[in-house]
Amino acid sequence: MTAEAPLITNPAFAPDNHRSIVKPYVLSHGTCECHDMKATRRFYEEYLGLECVRHAKPAMVFRCGMKFHVVCVEVGASVHPCGVLNHWGIDVLSKNEVDFAHAKAMELKTKYGIKQVLDPVLQHGVYSFYLEDLDHNWWEIQHYDGFQHDDMFDFGDRFAMDDQADQVALKELSIKGSR
């Protein structure tokens with residue numbers, strides 16, 4: 001169904017951090033929580049297409065395409081639900097792939113314990129939809145015509161830091177996670 005993903009040709013670069021106190025060479029990882037690592041891994045691998053490795057008794061790591069990983073820690077009933085603005089983004093190669101992923105999310109909600117699937121929309125320059133997974137983590141499956149990461153940084157600041165944020169315009173704030 002899908003074309004071969006393009007190779008990311010410049011996954012590493014020298015960070016511009018000469019004015020900072022900490023001099024990192026890479027943003028290496030993030031963390032998230034899960035209720036049941038076995039069920040979560042199944043969803044991550046079978047639906048999201050992520051590579052998973054269980055590196056510790058209470059945790060596993062996952063990645064996709066770059067030298068950045070996320071540590072997923074099994075915490076059982078102590079999972080802290082996230083809001084939609086705290087989501088993980090996954091890029092696909094076409095709008096058709098977004099629509100296909102959306103249709104499969106709707107079809108497989110019960111199998112993977114997906115809590116919510118929002119409709120695909122064109123927003124903030126991408127065609128995408130959000131879903132809330134079995135652990136209350138949110139995912140955005142999106143298509144962007146180009147490589148959004150490079151474009152965001154290549155375009156540079158588009159607003160001054162003194163400009164007020166417009167929280168009223170953030171429709172995502174009205175989306176309630178399932179509890």
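1. Apart from neighbours within four places in sequence, Phe-43 touches Leu-48, Tyr-112, Ile-114, Leu-131, Asp-133, Leu-134 and Trp-139 (contact means heavy atoms within 4.5 Å). Before going further, a word on the ground rules: this is a predicted model, where local features need pLDDT of at least 70 and side-chain atom pairs count only at pLDDT 80 or more, while totals for chains, interfaces and linings use all residues. Numbering runs from 1 along each chain as its sequence is written, and side-chain values use heavy atoms, with hydrogens and water left out.

2. Phe-43 also turns up, together with Tyr-44, as having the most contacts inside the largest nonpolar core, a set of 28 residues. A core here is a set of buried Ala, Val, Leu, Ile, Met, Phe, Trp, Tyr and Cys residues joined through side-chain atoms within 4.5 Å; buried means under 20% relative accessible area, exposed over 50%, and partly exposed in between, with a 1.4 Å probe and protein chains only. Two or more residues each come from strand S1 (29–34), helix H1 (37–48), S3, strand S4 (69–74), helix H2 (95–107), strand S8 (126–132) and strand S9 (138–143). H1 gives the most, with five residues. Elements are DSSP runs numbered from the N terminus: helices are H or I of at least four residues, strands are E of at least two.

3. Now the rings. There are eight aromatic pairs in the structure. Rings of Phe, Tyr and Trp (its six-membered ring) pair if their centres lie within 6.5 Å; planes under 30 degrees apart count as stacked, over 60 as edge-to-face, and the rest as tilted. For Tyr-44 and Trp-139, the centres are 5.5 Å apart and the planes at 70 degrees, so this pair is edge-to-face. Tyr-44 belongs to helix H1 and Trp-139 to strand S9, so to speak distant parts of the chain, 95 residues apart. Both residues are buried.

4. Phe-62 and Trp-88 make another edge-to-face pair, at 6.4 Å centre to centre with 80 degrees between the planes. With Phe-62 in strand S3 and Trp-88 in strand S5 (residues 87–91), the pair ties together parts that are 26 residues apart in sequence.

5. One more ring to look at is Tyr-127: the charged end of Lys-95 sits over it, 5.8 Å from the ring centre. The test asks for NZ of Lys or CZ of Arg within 6 Å of the ring centre and within 35 degrees of the ring normal.

6. On to the strands around S3. Strand S2 (residues 51–56) and strand S3 (residues 59–63) run antiparallel and are joined by four bridges; two strands pair if DSSP finds at least two bridges between them. They form a hairpin with two residues between them. Val-53 is bridged to Val-61, and Ala-56 to Ala-59. S3 is mostly covered, with four of its five residues buried.

7. S3 also pairs with S4, again antiparallel and over four bridges. Here Phe-62 stands opposite Val-70. This hairpin has five residues between the strands, and Gly-65 takes a positive phi near 80 degrees.

8. Two histidines deserve a look at the backbone. Most residues other than glycine have a negative phi. His-124, however, has a positive phi of about 35 degrees; it lies in the loop between strand S7 (121–123) and S8 and counts as partly exposed at 45% relative accessibility. His-136 has a positive phi too, near 70 degrees. His-136 is in the loop between S8 and S9, and at 12% relative accessibility it counts as buried.

9. Finally, the whole chain. It has four helices and nine strands, in the order β-α-β-β-β-β-α-α-β-β-β-β-α from the N terminus. The radius of gyration is 17 Å, close to the 16 Å from the globule rule for 179 residues, so the chain is as compact as a globular protein of that length; the radius is taken over C-alpha atoms, and the rule is 2.2 Å times the number of residues to the power 0.38. Buried residues make up 32% of the chain. Among contacts between residues at least 6 apart in sequence, 56% join residues at least 24 apart.
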